[in-house]
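This briefing is meant to be read with the sequence and the structure side by side.

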Amino acid sequence: MGRIPCSFCRSSSRCRPKKAAQSSLSPLPQPPPQTGVCSPPINNNGSGLVGGGGGGAMGKVKKKAGGARLWMRLDRWGQTELIEWDKSAIIRRAAIPARDLRILGPVFSQSSNILAREKAMVVSLEFIKAIVTAEEVLLLDPLCQEVIPFVDRLRKLLAKMSSSHVENDVNVSRGGKRLPVSEAVDEQYELPFEFQVLEIALEVVCIYLDSTVKDLERDAYPVLDELAMNVSTKNLERVRSLKSNLTRILARVQKVRDEIEHLLDDNEDMGQLYLTRKWMQNQQSDASLGVVASNSTTVTVPHLRRLSSTRSGSAVTSNLSDDNDVEDLEMLLEAYFMQLDGTRNRILSVREYIDDTEDYVNIQLDSQRNELIQFQLTLTIASFAIAVETLIAGLFGMNIPCILYETNGIFEYFVGGASAGCLLIFLLIFGYARWKKLLGS
């Protein structure tokens with residue numbers, strides 16, 4: 001999918017004034033004072049907003065205005081707030097095209113998309129609908145039952161990141177040396193902010209799909225085994241419902257897997273997802289234009305973690321300026337691609353088991369049908385033999401003069417001989433059918 005540069009401007013509340021000449025430029029803005037309460041921004045459509053503190057406490061939201069939807073804003077310092085915004089407010093704040101909001105709407109509720117824009121990343125994975133920037137996350141419908149685990153994990157991550165920033169600031173205020181980001185936070189949180197959010201989203205979606213597949217497997221195998229033992233209308237109906245659920249789950253897993261595979265196949269798309277890198281490059285450009293007296297500007301960059309390597313800060317700095325360096329994101333996506341591929345293989349295994357059971361049931365039905373045909377053929381042969389004796393009895397039932405009528409004691413011998421002849425005819429035809437393998441042994 002193409003990436004169209006966005007020309008929307010940020011809201012005035014998001015603009016930051018350019019700094020004057022300085023010896024060094026901090027790559028990320030410092031966290032605001034931890035007052036415990038976040039001042040609520042003003043909604044552009046006039047609806048009231050209620051802010052939450054760094055601990056994630058949320059107040060009640062006022063009555064929803066026309067066209068507004070409930071969003072949760074979580075910034076990189078752990079502050080959260082519930083907000084009701086309309087489409088225009090989201091477009092101005094996140095600088096995304098209006099068509100991206102349709103992807104987050106109810107029409108595409110089961111779609112899976114990860115889109116890169118100039119200043120944001122649009123994430124639509126199953127029930128997780130979010131807009132991620134280099135500094136904050138805008139989450140749609142955060143009170144849904146499926147979204148709550150994602151919100152909890154994200155809060156824990158942001159709380160740890162915020163505590164690391166606070167400890168670093170305290171160290172500086174005491175006259176100490178500011179620790180590098182790679183030492184101030186654990187290795188688990190060394191990825192850029194947007195990739196940490198994406199990782200949590202993929203993890204929650206993979207866990208949800210995996211648990212759904214486990215429930216499907218737990219219900220599928222007993223139903224299929226029972227169908228193999230007893231072919232009934234009730235069991236067939238249960239298998240039909242099972243196949244329908246399996247098809248829906250497979251389609252959902254396939255959508256997420258295909259979206260990750262699409263990103264892995266295009267390095268340019270993955271490079272556009274490095275929002276922190278682009279943000280820092282813009283900061284460097286602004287700083288170089290604003291610095292007049294200083295000879296050079298030293299930029300301190302955060303350490304971007306590689307999942308299987310430990311590199312020095314200089315290596316990170318050099319790779320930060322390389323837009324083609326997407327190894328961090330590539331390894332992250334490959335890990336969840338393999339997990340989704342394993343989940344997909346489990347679903348395919350269940351479907352193969354269903355197909356095998358259906359083949360076994362069809363074989364059973366064919367065998368029973370063949371037995372019925374053989375039994376019908378046996379009855380047909382017997383009916384033919386009895387029909388011959390009936391024909392003889394009908395002939396002698398006519399009132400036609402015959403010498404046999406005057407012979408005494410011939411009745412028993414005649415009936416016995418006719419019955420023996422009919423039995424012989426039955427055995428001959430039955431033996432011929434067995435010889436031609438029309439009847440089983």
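This is a predicted model: local features need pLDDT of at least 70, side-chain atom pairs count only at pLDDT 80 or more; totals for chains, interfaces and linings use all residues.

- F396 and F414 form an edge-to-face pair, with 4.6 Å centre to centre and 70 degrees between the planes.
- Because F396 lies in helix α10 and F414 in helix α11 (residues 411–435), this pair ties together parts that are 18 residues apart in sequence.
- F396 counts as partly exposed at 32% relative accessibility, and F414 likewise counts as partly exposed, at 34%.

**Aromatic pair within helix α11**
- Y432 and W435 form a tilted pair, their centres 6.0 Å from each other and their planes 50 degrees apart.
- These residues are three apart in helix α11, so about one helical turn separates Y432 from W435.
- Y432 is partly exposed, with a relative accessible area of 48%, whereas W435, with 62%, is exposed.

**Charge over a ring**
- R277 lies over the face of Y274, at 4.0 Å from the ring centre.

**Packing of α6 with α10**
- Helix α6 (residues 233–264) packs with helix α10 (residues 327–396) at an angle of about 155 degrees, and their axes are 9 Å apart.
- Since angles over 145 degrees count as roughly antiparallel, α6 and α10 are roughly antiparallel to each other, and their crossing is left-handed.
- Sorted by class, the residues in the contact of α6 with α10 are 18 nonpolar, two polar and nine charged.

Methods: Residues are numbered from 1 along each chain as its sequence is written. Side-chain values use heavy atoms; hydrogens and water are left out. Axes are lines fitted to C-alpha atoms, for helices over the stretch in contact, and angles run from 0 to 180 degrees between N-to-C directions. Helices (H or I, at least four residues) and strands (E, at least two) are DSSP runs, numbered from the N terminus. Angles under 35 degrees count as roughly parallel, over 145 as roughly antiparallel, 65 to 115 as roughly perpendicular and the rest as oblique. A crossing is left-handed if the near helix is turned anticlockwise from the far one by less than a right angle, and right-handed if clockwise. Ala, Val, Leu, Ile, Met, Phe, Trp, Tyr, Cys and Pro count as nonpolar, Asp, Glu, Lys and Arg as charged, and the others, Gly among them, as polar. Rings of Phe, Tyr and Trp (its six-membered ring) pair if their centres lie within 6.5 Å; planes under 30 degrees apart count as stacked, over 60 as edge-to-face and the rest as tilted. Buried means under 20% relative accessible area, exposed over 50%, partly exposed in between (1.4 Å probe, protein chains only). A charge sits over a ring if NZ of Lys or CZ of Arg is within 6 Å of the ring centre and within 35 degrees of the ring normal.
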